[in-house]
Structures are given as C-alpha cells and as structure tokens.
Amino acid sequence: MRNWNEEKQMERKLKIGNRYIGEGEATFMVAELSANHLQDYHRAEELVHAAKEAGADAVKLQTYTSDTITMDCDNDYFRIKQGTIWDGTTFYKLYQEAYTPWEWQPKLMELANGLGMECFSSPFDFTAVDFMEEIGMPAYKVASFEIQDIPLIRKIARLGKPVIMATGIAYLEDIDRAVKVCREEGNEQIILLKCTSTYPTPYEDMNIKVIPHMAEAFNCLTGLSDHSMGTAVAVASVALGARMIEKHFTLARADGGPDAAFSMEPAEFKKMTEEVRIVEKALGSVTYQLTDKQEKSREEGRSLFVVKDMKAGDVFTEENVRSIRPAFGLPPRHYEETLGKKARVDIRRGTPLSWEHVE
C-alpha cells in the first residue's frame, strides 16, 4: 500500500508551455544555448533547429547584459580565478562575450515554438524578469550562482510560473531557503536540478544520488543540470527520478566559445535523448504482473514429472518422480508431499504428474 508521501509524489506534475513534466511524462530534455551562438544570430537560429533534430523538448537562453550581472571593474575582486576555463579574464569581459542579445530572444522563442519546442531563460536581475514576462516566457530558471538571491527568487515566484532552480553552489540550507520563498509566495511549481558548478564536472563530483533525496526532502520534481562530458550521467539520473535534463548545446566544440569545452554536439545530444527514452521504457512501473510473454515463458519452468514407467499401486519415490523442466506438471513445492504416496493408475515415463495420478 502507498503511504501519504508516495501518493503526493505520484501527483507531482507541472506544465511548461504545452509540455507536462512529472510522473508518467517523458523526461524533459533541455538544450542550453548559453554563449554558443558566438554573437551570431544566424548561428543561434541554427542551434535551435539542431536542438529540435537532436530531440530537445526545449531550448534555454540566458537573459542578462554585462551591466545587469556585474560591473566593469578589473580589480582583484572581479578577476576570475576559481580554477575555471575562464580564469584570467574579468567577469565583465566574459559576460560581454557570452550574453545573448535581448532583441534576439523573442524571435528565438517564436522559432522554437514553431518547431514544437518550448523556450525559457535564466534571468539575472529584476529587469530581465520583467523582460521575460513581457515576451511571455513560460518558465524561469534560477541559475546556480543566483540561488542565494532571495529577492530575485521572490519576484520570480510571484509570477506563478514554474521555477526551475539549479543547486550547483548551494548548501542544503540554501535550497531550503529558496524553496520556502517560492512557497511563501504561493508557488508550488518547483523543479530542483542537481548541479555541480565545475566546468566540465568530473564524474566523481556529480553525486546524482542527491536527486531522489531532494525529491523526498522538498516534495518537488527534480532533475539534472549536467556539466559532465558524455551521456552516462544524464541517462543514469533518469533511473534516479530526474524529470528534466539540461545540457549545454553547441554545433561543434571545435567552433570555440566560452562554454564550448563542456557543451554537447547534436549527435551526442540525440544519442543521450534516445538512451533516456530507452531507460524510461525499461523503468516501467512497480508491478509483479507478468506480461503475456512472461506467462508463456512459465511453461519452461520446473514441475514434477514421472521419469520411470509406473504401475497402479507403485509408490512415488525419488527414483520415479523428479523436478525438471518444463512446467506442465505439479509445481515442485508438492514434491515432498507426493513421495511415499501410491499411483492411482499406470503412468508412462515422461508424463507430467497431476493429482489425478495420486491416491
């Protein structure tokens, strides 16, 4: 029997645009375009088309400018030196290179929608939230480095749309605080993404066992924002309950760009999506019912057979009755029960034993 908590988990579901996410739904596959457009709008369009061909359910953007996310200052505080692929530059210069022009975003959203995908973004300040709301984006992603920005999360939560939060630099108390803020604003449409904010992420740092723990601890949908290389971690996360997979997406890593080194190419994203769909089928449901083929296969199991010719009145012994394949006789659990009893009729060798044979 399911307990109350299991019933609540079964009910978890929300909608982003025209797509339902949650129990019984296909894993929501998100291609993060990030800076991989390389400041070329036509390349951005090409990325959206490639994401569709690769099986993505949505493309994700980032809504900021250098001035809305940081300030133009090159003192030591603003120089990147965290052991990342961007070390040596300033935050301002990095974001100048990486940002997605805001005037592109409604056009990219329209393109994605026209291809049957959703499009949403990560806002990094209040003006970005207002802009996203103005153009009608269906969901808001809180980036890992913004999970402590409670005023930003509160503003997003008040809009009543799904709030997707990455946890890449979050302690447990940070996640708890962010979730509570959403719920204080009456917003239960929460997805928490397990994330590790290193680029690329070593496999041993992924800790995807956190995914089911977060689902239970916060009673919400969970997923994975994955910066590791390859498909294995993302596919495994689905078996642990991930309902959304987000991967950085590029046409080719060799093209370069701030995020290229840890981004997926179209063929890799397609392979990942295909493998996720296989895992979804294999997971199935918690059931002990047998399929028709399994029922048929039971005929190949073991049962009791008479293995020597017997006359009426002969005693059943270990020499004339055995548990063997196939399964057309009495179940083997009756073996000891039949030993010592007598045959009611003549029985030929190779006959499946039934109670009609036993006195």
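1. A word on the term used first: a salt bridge here is a side-chain nitrogen of Lys or Arg within 4 Å of a carboxyl oxygen of Asp or Glu. Please keep in mind that this is a predicted model. By that rule the count comes to 20 salt bridges. Side chains of opposite charge can pair when their charged atoms come close.

2. Let me begin with a pair that spans much of the sequence. Arginine 243 and glutamate 23 meet through their side chains in a salt bridge, at 3.0 Å from N to O. Arginine 243 sits in the loop between α10 and β10 (244–248), while glutamate 23 belongs to the loop between β2 and β3, so the pair ties together parts that are 220 residues apart in sequence. Glutamate 23 is partly exposed, its relative accessible area being 22%.

3. The loop between β2 (19–22) and β3 (28–32) also holds glutamate 25. The side chain of glutamate 25 forms a salt bridge with that of lysine 13, with 3.1 Å between N and O. Since lysine 13 lies in strand β1 (residues 13–16), this pair ties together parts that are 12 residues apart in sequence. Lysine 13 is partly exposed at 43% relative accessible area, and glutamate 25 is partly exposed at 28%.

4. Next comes a pair involving helix α11. Arginine 253 and glutamate 268 meet in a side-chain salt bridge of 2.8 Å, N to O. Arginine 253 is in the loop between β10 and α11, and glutamate 268 is in helix α11, so the pair ties together parts that are 15 residues apart in sequence. Both count as partly exposed: arginine 253 has a relative accessible area of 26% and glutamate 268 one of 27%.

5. How do the axes of α10 and α11 cross? Helix α10 (residues 232–239) and helix α11 (residues 266–283) have axes that come within 9 Å and cross at roughly 20°. That makes α10 roughly parallel to α11, and their crossing is right-handed. On the α10 side, Ala234, Val235, Val238 and Ala239 take part; they meet Met272, Glu275, Val276, Val279, Glu280 and Leu283 in α11. By class, this contact has eight nonpolar, no polar and two charged residues.

6. Isoleucine 85 is worth a look in the viewer. Its place is the loop between α3 (66–69) and α4 (91–98), and it is partly exposed at 40% relative accessibility. Leaving aside neighbours within four places in sequence, isoleucine 85 is in contact with Tyr199, Pro258, Ala261 and Phe262.

7. Finally, some backbone details to check. Most residues other than glycine have a negative phi, and most peptide bonds are trans. Tyrosine 199 is joined to proline 200 by a cis peptide bond, with omega about -10°; proline 200 lies in the loop between β8 (190–195) and α9 (210–218). Another cis peptide bond joins arginine 325 and proline 326, with omega about 5°, and proline 326 is in the loop between β12 (321–324) and α13 (335–338). Glutamine 39, in the loop between β3 and α2 (41–53), has a positive phi of about 65° although it is not a glycine. Asparagine 207, found in the loop between β8 and α9, has a positive phi of about 50° and is not a glycine either.

Note on methods. Residues numbered from 1 in each chain as written. Predicted model: local features only at pLDDT ≥ 70, side-chain atom pairs only at ≥ 80, totals over all residues. Heavy atoms only, no water. Axes fitted to C-alpha atoms, helices over the stretch in contact; angles between N-to-C directions. Helix = DSSP H or I, 4+ residues; strand = E, 2+ residues; numbered from the N terminus. Parallel < 35°, antiparallel > 145°, perpendicular 65-115°, else oblique. Left-handed = near helix turned anticlockwise from the far one by under 90°. Contact = heavy atoms within 4.5 Å. Nonpolar A, V, L, I, M, F, W, Y, C, P; charged D, E, K, R; others polar. Buried < 20%, exposed > 50% of the residue type's maximum accessible area, 1.4 Å probe, protein only.
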